[in-house]
Each structure stands twice: as C-alpha cells, then as structure tokens.
Amino acid sequence: MSTISVDDQLNVAEEIASMMGEIDPSGRHKAFEKPEEALAYVKMNRPDVAWLDIEMPGISGLELSLEIKKLSPTTNIIFVTGHEKFAYQSFQLHASGFILKPATIDALKRELDNLRNPVDIERNGILRAQCFGNFEVFDRDDQPVKFKRSRSKEILAYMIDRRGALCSVGELCGVLFEDREEDRALKKQLRVFLSSLRDDLAKAGAGEVLVKGWNAYGVDCSLIDCDYLDFLEGDPHAVNSFMGEYMTQYSWAELTLGELIMKPDSFSEDY
C-alpha cells in the first residue's frame, strides 16, 4: 500500500507514517508538512490513501483533498483533525473516513478496513514501475532509480511494455534508433546501454529483474509492481488510475496507448 500523511506539524504527519509502517511494513508511507510537496508526490505516485489534517495555513485539508482527487481519483481521503465540527464537511466531500487526533494505530486500522476504494497491502515486487503518465521507476524504498543513461531507462520501459517477452538486439535497435540502418556500430552502442542498465538495476538492488536470452533481453515481470501490468490483469485500482496517458516521453508507446484507450472501462467515471 502507498500512503501519504499531510499536517502542518511535520512530527504529526511523521507519526502517522510511522504507524502505517507498523501496520504495513512492505508499503510506502510518506509524510509531508507542505501541501504543495504532497501534491507533487501525488501527481507522480497516486497513493492509495491520503491522511490529511484539515486546519492548515494556506491550503486547508478540505481544499487539498479536492486537488488530490483531480490528480488521483482512486486515492482514499481520510481526514485527521482535532475537531468533530469538520465531520459533516468531510462527508460532503465523500471522504473515505474521518478520525480525531491524536491518531492511534487502532483508529488507522479501523479506517483501512473500511476504505471507499479497497486496496491490497501486499506488494511483491523489488521494483515499482509507473507507466501511466511519464515512465518512472522506484526501488523498494520508493526512491527513484537513477539511470546513468536515458536510453537505458527507455530500454527498460520497452521491455515492460513487452510484458516480459524477450526482445532481440535487432528489435531494440529498431526502437531506440528508429530509421537508422542496423549495423555493428549500433549494436555495440546498444550493448553499452544494456550494460549500463544492468549496473543501474544492480545498484537499486534489482539486478535479477533483467533477463538475458540468446541474443535477446527481457524483464521478469513477477519482480515488478506496475500499474500497466495490473491494468492488463483487470485490477480495479489500476483501471481507475488510467487517465489516458502512457509512457508519455516515448513515441513508440503511442501504439500501446491506443490499445489501452480502446479497452472497455479504460477510464474512471471521474475522467
């Protein structure tokens, strides 16, 4: 499960994130003091749950919830406040839940058991790939994987797009170099990118994700948590998170985007 907690008192937000770490040790739980930073994170990650303080300077928790819903319609909003007077307003906004401060593990668990959009807290991947919107990759600690070469990242994106099927050297050259005629120099350059990708993944603790065949390469999708792959499996959360954008930085991804758009129930009702 992926969650955020936002409170103008950072120690309060961090306490909720810490309790979520106890409830869901394999999940990703971030604390924010500034709503603007929380929104930037939501745009890239679309968390499952957002724990929001209501009374904050600048952007209130109620206003923040509306902005979060625009970016991530399936995120469950749970308000955390010291005043019962806000309960009615939170229900008007169709929040998933409402708890009074100080938050406790029992209170958090109670709300998690009754989410408006239920989520699975189990994640098995050693990498997380975000394909909807820009393509981004994160390690176990939810830190962005650093790629020494942008082409290496693009190779990984294409392999995920191919859903684990082995890709020949010729196929990868065609994707990366488009109209250039395949020759020994291009193959040599491709191998440099592949070697760099192998090193990047190893540094992220995910070296086994890359699979090598006879003059071909692929990825082990069972080791990757991925919105695109979940979408193909019919996962409701992934289906609802698709907003009509897929690996937007790569032109070759437009074909897959068209296929996703044509699938029934591709968009959430809020799109």
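## Surface and charge

The protein exposes about 13800 Å², of which carbon and sulfur atoms supply 48%, the areas coming from the Shrake-Rupley method with a 1.4 Å probe, and only the protein chains shown counting as cover for residues. The model is predicted, so that local features need pLDDT of at least 70 and side-chain atom pairs count only at pLDDT 80 or more, while totals for chains, interfaces and linings use all residues. Residues are numbered from 1 along each chain as its sequence is written, and side-chain values use heavy atoms, with hydrogens and water left out.

The protein carries 31 positive and 47 negative charges, whose mean positions are 8 Å apart; Lys and Arg count as positive and Asp and Glu as negative, without His and the chain ends, and each charge is placed at NZ of Lys, CZ of Arg, CG of Asp or CD of Glu.

## Overall dimensions and fold content

The C-alpha trace spans about 70 × 35 × 30 Å along its principal axes. For 271 residues a compact globule would have a radius of gyration near 18 Å, and the 21 Å of the protein agrees with this; the radius is taken over C-alpha atoms, and the globule rule is 2.2 Å times the number of residues to the power 0.38.

The protein contains 11 helices and 11 strands, defined as DSSP runs numbered from the N terminus (H or I of at least four residues for helices, E of at least two for strands). Among contacts (heavy atoms within 4.5 Å) between residues at least 6 apart in sequence, 63% join residues at least 24 apart.

## Burial and helix α3

Of the 271 residues, 51% count as buried, a term that means under 20% relative accessible area, with exposed being over 50% and partly exposed in between (1.4 Å probe, protein chains only). In helix α3, which covers residues 61–71, the buried residues are G61, L62, L64, S65 and I68. Seen down the axis of α3, these buried residues fall within an arc of 155°, so they line one face of the helix; the arc is that of the directions from the helix axis to the C-beta atoms.

## Backbone features in loops

K101 and P102 are joined by a cis peptide bond with omega of about -5°, and P102 is found in the loop between β5 (97–100) and α5 (105–112).

N215, a residue other than glycine, has a positive phi near 55° and sits in the loop between β9 (210–213) and β10 (216–219), where N215 is partly exposed at a relative accessible area of 39%. M247, also not a glycine, has a positive phi of about 40° and lies in the loop between α10 (236–241) and α11 (254–262), but M247 counts as buried, at 0% relative accessibility.
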